[in-house]
Amino acid sequence: MNPMLETTITVNGTRVTRRVEPRTHLVDFLREELGLTGSHTACEHGVCGACTVRVDGEIVRGCLTLAVQANGRAVDTIEGLSDSGEIRDLQAAFHERNALQCGFCTPGVLMTAQELLRTRPAATRDEIRDFMSGNLCRCTGYQSILDAIEAVLIARRQARPA
Amino acid sequence: MNDRIAPDQLAPAPRAEERKPAPAPVATRGYIGASIPRANAKRLLEGRGCYTDDIQLPRLAHVVFFRSPHAHARIKRLDLQPARAQPGVIAVFDGRAIAEYCTPWVAVLGHLKGIKSPPQHAVAIERVCWQGEAVAAIVAETRAQGEDALAHVEAEWEELPAVTDMEDALSGRYVIHPDLGDNICFKRELVTENFDAAFAQADLVVEETFGFGRHTGVTLEGRSILADYNAAEHSLTVYHATQAPHMMQDIFSRHLDIPEASVRVICKDVGGSYGIKVHVYPDEMATAAISVMLRRPVKFVADRLESFLTDIHAREHKAKIRLACTKDGRILGFDLDDLTAIGPYSVYPRTSGIEGNQVVNLTGGPYRHKAYRAKMHVVFTNKNVTCQYRAVGHPIAVALTEGIVDLAAAKLGIDPAEFRRRNIIPDDAYPYTFPSGIKFEKLSHEQCLDKLLEAMDYRALRAEQARLRATGVYRGIGLAAMIEVTNPSPAFYGVGGARISAQDGATVRLEPTGMVTCLASVTEQGQGTDAIFVQICATAVGVSVDKVRVMTGDTGVTPYGGGTWASRGAGIGGEAVLQAGKALKSNILDVAAAMLGVDKATLDVRDNAIVDGATGEAKLPLAEVGRVGYFRPDTLPMKFQAELSVTRHYTPREYGFTFTNGIQASLVEVDTDTGFVKLLKHWCVEDCGTVINPILVDEQIRGGIVQGLGAAMLEECVYSPEGQLLNGSLADYLVPMSGDVPDIEVAHVCTPTKQSELGAKGVGEAGTAGAPGAVMNAINDALAPLGARVTDQPFTPERILRALGRI
């Protein structure tokens, strides 16, 4: 049996402390230990992006990150971004364009999209397509996802003072 | 010791007055035809959905499976005791132990004459027939502990010959199931009387053999089941990511010997299905049996490797097709010889004979030839099983038909669009019986072709193509016309003895506040069932969409029905909702007429109120009908009973299937140095009858097309000659990502079916049906000036470079 390590993470603004096995992946910790089931596992290989969460403000694959690696750091999940209202415009754009069907990839897609919106406000459609190409969606065919992100990118750009 | 999040960090929940008003109904047909966003998508957007793996129950145990490393082997020795001793392990079971609680099954159907398959157990006994077949189950307190214990299972094997090649299987050199006599699961032959004459009189006969790679659905959510047996009442509740809850209720009941009404199947949010989650899986049956055996809830979720090894695969075909035509480009007939391999068992309960059967039914689909001969063999192999995956058989039939049609057009020097125009069944020729025996109520091939050529500006694209060729840029344009099976009647499964419902039901209830609850037997998999039922129900009753709640996916709650498969939800389930809603409206008016003391015929329900039908004057809010109907029925006439809950069902009967039609086009550019194909643009014109929600329909088509593009360009389950899957991860098995796909233009022709009042046909599979054929034709069009041609999907760079003679 592996030793358990005391791990403290600030998850969506709330500090939690748990004893975890070193091998526990961050996404499993969030889902099973904290009940934050909005982040999903699908490929468990770092390919599909369904487990994407933020650690200290940057997106990571929750299936390639260990929970103990997040010790002392801040983790944000889809639940946190929803409650804070940070991506309300993005969620509304996805809703309006039906840029999701089964919704399993959607939390990860939104986390990645928000990263794009924050770090590349001048992105072109091709750059959006490229940036999002690490998130697998098997339902939509991506066009509506790109449309939604592009619309929010333009709206946020226009809302920002020059 | 947790710090609470500061309240000011939380965005306030929207108050009632901040919520957007409900969209207004369209004047003529209410909400039918309105692009209203899906209300149930909001929870998924906030990560607040509930997929089966999200459910935790007290005393929940987790099951993992020890799976065969061999494609075909006898189990010489299996020792589970070392695994049983590992930390957290609750129980270990081999196939015999499971079989005491779960009877085996044989997947055959009466209307597929001669189909055969051996009995299949939930967990293998004595022999394994494909790599990945479950051999033992380990139950542990956590999934991780179960997986740790797997390493301690001791097994010895006697390897048996693995039959992995289709033609080898057909030859019968080694018979996988000796009791069956040969490796042929099912075969079908048909020939029309005029066949020989048609081919004898042809000016031109073209022939080609096409190959189709075995691929799979890759639902992002793995197969998931949580079975919870209650020993006190001998009842079983199953939370299951499934497309067909009532079918599974019947199967759990019969194979676990629990009374049908004591089995409840609950389908929460499902993370993608596409036909993958409509079959009986041995490991899922074992999970349910283990819950009975251990008298506690047990969960199984397939991980990605298990998904690749055991989710049904599909579409491993090799088919020779011939086309006979006159020199002026009139198709006289088609001749098909199809071979497909399905793994070691026909899949329960729908069988693995349907895909090949569909290829026979549908090949030649859009055209008006009269002669047809088909031969088809379905053979057993030692690979994972195959069965019905989105668009079942259609992608094969369309690619075969459209590939050989393009070849004929090229030989005759006729433009492919013009060749199709000369041969498609005219729009005024219906009803029409096709040479394979299937019947079309009303299709619109001519209108669809016209609309497609206009949308893509076909002439301009051809001119641009010619211009670019002169500069060494190889672009290709490919067309693929298609027909599609939707709204299946009992002719699909029921007549063959399958206990699979072809009818669906809806219960619609007025709530006391004037809201309406709709319980429907079609399930929601993300395609938008709930949303369109809200629209249909609101329209039928006369309320706004914000007043309607839909519940699906619970055999304990909804009427009995088939669920989601074969593009049937809107056309069949939607009609049941429409009729239930109309009946409720009539009953509401009965109550209102009694309350008001007026003739019912003078009243109507509009905008959540009882109104005077002639003047529109508001008479009563609907909530008042609810209040009186439920709380003060004493104020109504003595003999009058309010019936504010109504159930209706619908079964399509007039046609075996309600066919739809459409046509797709693909524009590609082939890099002749690297073999890479850039998909530049894709178009689809489709006729699914009444469009209930245009944005949902278009997104079904786009998503379907991209699955078809995956099959054409990337996806293949690659096996070694020994039957080892070589690419069982998403790093090795490629699916389309956003950078791989083009933008897709979708347009519609609308020919409602007259069989139902709603007039809706299915649309969920059309995109997948036509995309591979269109892309194949586009690639071959691009390669034509170089004298190269590809016929084996997926069209990998390697295959294209081989065709070009570069490697």
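Predicted model: local features only at pLDDT ≥ 70, side-chain atom pairs only at ≥ 80, totals over all residues.
Residues are numbered from 1 along each chain as its sequence is written, and chains are lettered from A in the order in which they are written. Local features need pLDDT of at least 70, side-chain atom pairs count only at pLDDT 80 or more, totals for chains, interfaces and linings use all residues, and side-chain values use heavy atoms, leaving out hydrogens and water.

**View 1. Chain A meets chain B.** Here 56 residues of chain A are in contact with 59 residues of chain B (contact means heavy atoms within 4.5 Å). About 4900 Å² is buried between the two chains, and carbon and sulfur atoms give 52% of that area. Buried area is the accessible area (1.4 Å probe) that two parts lose on being put together, summed over both.

**View 2. A salt bridge joins E715(B) and R138(A).** Their closest N and O atoms are 2.7 Å apart. The count between chain A and chain B is 7 salt bridges, each a side-chain nitrogen of Lys or Arg within 4 Å of a carboxyl oxygen of Asp or Glu. On the side of chain A that touches chain B, α3(A) supplies the largest share, 6 residues; helices are DSSP runs (H or I, at least four residues) and strands likewise (E, at least two), numbered from the N terminus.

**View 3. Chain B has an open sheet of 3 strands.** Look for the order β4-β2-β6, with antiparallel pairing; two strands pair if DSSP finds at least two bridges between them. The edge strands, β4 (127-128) and β6 (154-159) of chain B, each pair on one side only. Strand β2 (residues 73-79) of chain B pairs with β6(B) over 6 bridges, and L78(B) stands opposite A155(B) in β6(B).
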